[in-house]
Amino acid sequence: MIYNDTCPICAREVAGYKRAARRDALPIAFRGLSEGDLARYGLTTRDAARRFHVMEDGRLVDGIDAFALLWDRMPRLRWLERLVRLPVVAPVARVLYDHAAAPALYALHRRRVRRGAARRIA
């Protein structure tokens, strides 16, 4: 999973995923955009900062589909995957993520970068 580890909101959410993965001994790797070498995944730093990504079996998935893929791999969050895949919910979730959440988080990221405050959050 590739995420913006300089975003306080993203880092907090992923910290929960990391705890769950450790607790359930799940084979999920987490890679922040500040860790470099994103080109091997076919991403630029800008791409990685703009959207949430999951790599599975050599396939890069982003946005709501990436969240759904991650949630499907986490037993306690499978209900979320099922929810965002429902015919009525899926298009709404996609629009909300693509046109509201992702752009807002990316705008905050650009602001942190401009201010010199975009640092990796542990």
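User: What makes α5 stand out in the lining of the second largest pocket?

Analyst: In this predicted model, α5 gives the most to that lining, with five residues, while α1, α2 (45-50) and α5 (89-114) each supply at least two residues. The second largest pocket holds about 220 Å³ of space and is lined by 16 residues, of which C10, F52, F67, Y97 and L105 lie nearest its centre.

User: How is the lining of the second largest pocket divided by class?

Analyst: The lining has 12 nonpolar, one polar and three charged residues. Phe, Tyr, Leu and Cys count as nonpolar, so C10, F52, F67, Y97 and L105, the residues nearest the centre, belong to the nonpolar class.

User: What is the volume of the largest pocket, and which residues are closest to its centre?

Analyst: The largest pocket has a volume of about 280 Å³, and of the 16 residues that line it, M1, I28, A29, V54 and M55 are the closest to its centre. β3 and α3 (63-73) each supply at least two residues of this lining, which by class has 11 nonpolar, no polar and five charged residues.

User: Why is D57 called exposed?

Analyst: The relative accessible area of D57 is 79%, and exposed means over 50%, so D57 falls in the exposed class. D57 lies in the loop between β3 (53-56) and β4 (59-62), and its phi is near 50°, a positive value in a residue other than glycine.

User: How do you know that A25 is exposed, and what is its phi?

Analyst: With a relative accessible area of 67% against a cut-off of over 50%, A25 is classed as exposed. A25 has a positive phi of about 50° although it is not a glycine, and it lies in the loop between α1 (8-23) and β2 (31-32).

User: Why does the contact of R51 with D98 count as a salt bridge?

Analyst: The closest N and O atoms of R51 and D98 are 2.9 Å apart, and a salt bridge requires a side-chain nitrogen of Lys or Arg within 4 Å of a carboxyl oxygen of Asp or Glu, so the pair qualifies. The pair links distant parts of the chain, with R51 in the loop between α2 and β3 and D98 in helix α5, 47 residues apart. R51 at 23% relative accessibility and D98 at 25% both count as partly exposed.

Key. Residues are numbered from 1 along each chain as its sequence is written. This is a predicted model: local features need pLDDT of at least 70, side-chain atom pairs count only at pLDDT 80 or more; totals for chains, interfaces and linings use all residues. Side-chain values use heavy atoms; hydrogens and water are left out. Helices (H or I, at least four residues) and strands (E, at least two) are DSSP runs, numbered from the N terminus. Buried means under 20% relative accessible area, exposed over 50%, partly exposed in between (1.4 Å probe, protein chains only). On a 1 Å grid over the protein atoms alone, a cavity is a set of points where a 1.4 Å probe fits but cannot get out, and a pocket is an open set with protein on both sides within 12 Å along at least five of seven lines; lining residues have an atom within 4 Å of a point. Grid points are joined across faces, edges and corners, and a volume is the space filled by probe spheres set on the points.
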